[in-house]
Structure formats: C-alpha cells, structure tokens
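Please look over the sequence and the model together before reading on. The text below takes a few parts in turn.

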Amino acid sequence: MEAPRMGNLYLEDPLLPGYLRAHLPAQVFAEVNIDLERFGARLRDEIGFLGCECELNPPRLLHFDAWGQRVDQVITCPAWKRLKDICAEESLVAEGYTRRYSSWSRVYQIAKVYLFMPFCACYGCPLAMTDGAVKVIESLGIPKPLEEAYAHLTSSDPKTFWISGQWMTERKGGSDVGGGTETVARELPDGSYSLHGFKWFTSAADSDMTLTLARIVGPDGQIQQGSRGLSLFYLKIYEDGKLNGIKIQRLKEKLGTRAVPTAELWLDGARAHLVGATEKSISSIQHIERSTETRLGKD
C-alpha cells in the first residue's frame, strides 16, 4: 500500500482560497492566488521537511570555545538557518510593509504566514516578533537610530534579512512588566545607553537585534518605578563580531516549541539606543506582544 502524500497545502485548504476570492479585489486575488499555489507546493516539497529536521535537532548552547574563552554561542541546525532565508525569499515580513497591494498586502502576508506556521517548527515565533518590531519602528516614524534595523527587518534578501527578539520578561515573570522590570540603563557620553539586568525569558536568542525595556538611571542616581519609569531600547545582539555585553546563562528546556532557542541571559553593559518617548514604551512594545500572541502563536 502506498504511503499517504500531502497535496498542495493551499489548494487543499478548505477555507483560505474561497475566503481570499470573496474578499480581495479580483486583480489582487488573481495575482496572489498564483503565488499562494506555488507556495503551497513549496511547503509540501521543502519547508515541511526542514521543519521536521529542526524538531529533531534542537538548538544548543556552547559556553566556551576550544581555548577556554567564553563565547556563549547559540548553535542551531542548518535547517533552522534555511527557514530564516525562506522567510526573506517569501517576503513573510516585507510583504506587509511594502504595501504593493495597499491594505490588501497585509491580508496576503497573513495568508502566507497562516500556511507557513504548521510546517516551520514554530519559526513563526521569531517571525512574529520581527513583524511586531517593524510595526513598533514604523509607529515611531522610523527614527534615525532604527533606520538600518528597519531596512534589514523588511528585506527580502536572505543576505541582509534580520530577525528581531523580544526581551521583556524578567525574574518576577508574568505580564506586569511595569512592576517586574529591574533592568537599568545608564547614559553614555555618546548618547547611547549601557543596559544592566537579567532577562529570564528571551525568545529567539539567535536573533540579530531586539527591543527591550529598562529603567533609566537619572543624574541623581535614582530610577522611577512603575510603568512610567520604563523606556524602550533597541540593541544589536553582536557588535564587532562579539556579543554586545550579553552573557547567555542557559537555554530553556521547554515542553513545546523546542526548536526555538529561548534563553536566560544577563545584560552586562549591553550598548543600546533609546527609542521613542518613555511614556509610550509599554504601548509601543505591545505591538510585538499582539503580533506574537494573536497571529502566530507564542513560546
């Protein structure tokens, strides 16, 4: 007896093609329908196999190199790296922001992500945080310190595409970041900040950048407590080929989403840039939370 074989994941979906036909303008549907049919075949023939390989080869953490130097390198399998390339090739973030179909581009983007999610070993988690980071940056008017990041996050070129992390949860845990954030930020002479604190649950620890929360230490050495004392910062994970003041303590042992590297880490002088007004930091980073929770699933 021949083993069962999946067909085209888009064409066999009982809802999506009909929904898009009913809601998209005819010309838009005609174009995206062709691409989604192609993508459905790619899910079956390539992406699904990569997802299985990622599940069988979860990430690991290398603390020291052969010379005893601490490197804290998150090692992921080749299939995980290939999924990142595919996210760029398929414009799974960029499509929603290039807006070639106006507001319908977002519908098209989410349709592709909807098809992608069950077969990607939860690569949709870092993908969602990346989309959320782009939304944050765009909502802030793409300030100058974030122009480079925005260009990378919305790139369709695997060589330049970046993934963003989301670093909010600290030791106290829970959703009350206003009461649980203890990380502090000290201003440096060049206007950037040095971050110091412990992040207890950092998804996509292999990301290229992150947005995170911290409390600015004032000239008098005091910090403001509560949500009003929080500020939003952008930082690159690596600077000059080395971790940017980051020490990865361990990777989480999780019951699910094991292919996604999630870490506990110290920020020990991580160089970061303040983005946006302090009083808007919570509302800004909620773009990432909403993207991760309501659309693509969460660790």
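Predicted model: local features only at pLDDT ≥ 70, side-chain atom pairs only at ≥ 80, totals over all residues.

Residues are numbered from 1 along each chain as its sequence is written, and side-chain values use heavy atoms, with hydrogens and water left out.

Helices (H or I, at least four residues) and strands (E, at least two) are DSSP runs, numbered from the N terminus. Helix α1 spans residues 16-23, and its buried residues are L16, P17 and L20; buried means under 20% relative accessible area, exposed over 50%, and partly exposed in between, with a 1.4 Å probe and protein chains only. Viewed down the axis of α1, these residues fall within an arc of 100 degrees, so they line one face of the helix. The arc is that of the directions from the helix axis to the C-beta atoms. As background, an α-helix has 3.6 residues a turn, so residues three or four places apart point the same way. The cover over the buried residues of α1 includes α2 (26-56) and α5 (104-116).

Helix α2 also meets α3. Their axes come within 8 Å and cross at roughly 140 degrees, where axes are lines fitted to C-alpha atoms, for helices over the stretch in contact, and angles run from 0 to 180 degrees between N-to-C directions. On the α2 side the contact (heavy atoms within 4.5 Å) is made by R42, E46, I47, L50, E53 and C54. On the α3 side it is made by A79, W80, R82, L83, I86 and E89. By class, this contact has seven nonpolar, no polar and five charged residues. Here Ala, Val, Leu, Ile, Met, Phe, Trp, Tyr, Cys and Pro count as nonpolar, Asp, Glu, Lys and Arg as charged, and the others, Gly among them, as polar.

Helix α3 (residues 78-89) also holds C87, which is buried with a relative accessible area of 1%. Leaving aside its neighbours within four places in sequence, C87 touches L92, F116, Y123, L127 and F161. Of these contacts, L127 is 40 residues from C87 in sequence, while the two lie 7.8 Å apart in space, C-alpha to C-alpha.

How much of strand β5 is buried? Eight of the 11 residues of β5 (residues 193-203) are buried, so the strand is largely enclosed by the rest of the structure. Two strands pair if DSSP finds at least two bridges between them. Strand β3 (residues 164-169) runs antiparallel to β5 and is joined to it by two bridges, with Q166 partnered by S203. Strand β4 (residues 184-187) pairs with β5 in the antiparallel sense over four bridges, and V184 stands opposite H196. β4 and β5 form a hairpin with five residues between them, and G191 in the turn has a positive phi of about 95 degrees. Strand β11 (residues 263-274) pairs with β5, again antiparallel, over eight bridges; F198 has W266 as its bridge partner there.

Two loop residues remain. Most residues other than glycine have a negative phi. C122, in the loop between α5 and α6 (124-139), has a positive phi of about 65 degrees although it is not a glycine. D240 lies in the loop between β8 (238-239) and β9 (242-243), and its phi is also positive, near 55 degrees. C122 is buried, with a relative accessible area of 14%, whereas D240 is exposed at 80%.
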